[in-house]
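The structure comes first, then the explanation.

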Amino acid sequence: MNVWKKNNLWLIILIVLVVIVLGLTTYFWRKGNIVYSNEVVTIMKKEDILDIVNRNKYSKTLEVALNSNNFIKDYTKDYEKIDYIEKDNFVLEVNKLLSLNYEADEINVIFKNLSPINLEKLLKENRKIDLAKYYKYANFEVDKINRYEAYSLICNCSLKDVIGKVNIGLDQDFYTNIQNVVVSDDYTTLVNKYRSIGNYEPDDLVYLGEGSKYQLREQAADAFLKLVDAALLEGVNIIPYSAYRSYETQTQIYNSYVEKDGQEEADTYSARPGHSEHQLGLAVDVWSKGYNELKEEDANWLRDNAYKYGFIIRYTKENKAITGYIEEPWHLRYLGEDIAKAVYESKLTYDEYYDLYLKEN
Ligand SMILES: [Zn+2]
């Protein structure tokens, strides 16, 4: 290769290198530089914020705020620090939080961590709340912060327990702060001393087999008959002695117990009308056949096997403080096989399980 050709090759390599370096520089320079549209720059001029805005840093939030009817000039620097999120009312929500004196960094954390329901609650609070310690608990509810704080002082338990108990309602007396709940179609409705289903009536009740006078909702009835058959194969012979009870029936039963034992005691074993799982058409009480009670070995079989057919033992000895009921090994609550199994394996009360995994939050 002669000298001329050799020099020419070096020149070509040099030109290629220069082109690459120039290309990369331009790419990164453009990327980090002004990308606001001309329209937005016009609005910036009108708002007289061109000098405030650090024009080397593009902020989608600022751009969206400027393009909305809700731009507030005082918040310009905050908009620049807040990560944009694609959603309705984003600018209005940012404005509201800034007006409550949340810092831009805190707002980023709030949007990242809060569920839509909790965010909605926070925006209604009209005060700044320090949520830092709550984020790691998925079941915390913003509108219960005051109750968490108050209960923390007397509960002598972890924040996790405080949140769980307050969510169920246990920081206050049974049958206070009662929430009226709409029964869902999926058999998971939680009814307890803080949650009422009013005078709900199921519309798919069927009798528990031919000649039975007891009723459950159809799917629960099918599951119950399967459970009875399976139990029998293992020498466990159980029969129902109560299942669906209407609001009126529950009223009569409860009142008769109150008359007999007084309200305080009656409340430990009988639900007030509107608060019974029997009214859901998803609970059945069982006896051992030929006995007016549930034999211990039959209760043990149910405890270990009912979940396989979609039922849980709702009221156990260990859970009395949470459910407010005495141990009721005879009371089976239908939840469907998947959830019954999950509740059984969790070793939690259904109240706790529901709060942690099923409620809309
Ligand atoms: Zn019962």
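**Sheet and helices**

In strand E8, Glu-328 is the bridge partner of Tyr-315. Likewise, Ile-313 has Leu-332 of E8 as its bridge partner. Four bridges join E7 to E8 (residues 328-334), and the two strands run antiparallel.

Some ground rules apply. This is a predicted model, in which local features need pLDDT of at least 70, side-chain atom pairs count only at pLDDT 80 or more, and totals for chains, interfaces and linings use all residues. Residues are numbered from 1 along each chain as its sequence is written. Helices (H or I, at least four residues) and strands (E, at least two) are DSSP runs, numbered from the N terminus.

Now widen the view to the sheet. It is open, has four strands in the order E5-E6-E8-E7, and its pairing is antiparallel. Two strands pair if DSSP finds at least two bridges between them. Strands E5 (238-242) and E7 (311-315) are the edges, each pairing on one side only. Neighbouring strands are turned by 45 degrees against each other on average, direction ignored.

Helix H13 (residues 296-305) lies across E5, E6 (283-288), E7 and E8. H13 runs at about 30 degrees to E8. Axes are lines fitted to C-alpha atoms, for helices over the stretch in contact, and angles run from 0 to 180 degrees between N-to-C directions.

Next, the helix pair. The axes of H8 (residues 145-155) and H9 (residues 159-168) come within 9 Å and cross at roughly 120 degrees. The contact (C-beta atoms, placed from the backbone, within 7 Å) includes Arg-147, Tyr-148 and Tyr-151 of H8 and Leu-159, Asp-161 and Val-162 of H9.

How buried is H9? Seven of its 10 residues are buried, so H9 is largely enclosed by the rest of the structure. Among them are Val-162, Ile-163 and Gly-164. The buried residues of H9 pack against H8, H14 (320-323) and H16 (350-358). Just after H9, Gly-169 takes a positive phi of about 125 degrees.

Conventions. Two residues are in contact if their C-beta atoms, placed from the backbone, lie within 7 Å. A residue is buried if 20 or more other C-beta atoms lie within 10 Å of its own, exposed if 12 or fewer, and partly exposed in between; C-beta atoms are placed from the backbone.
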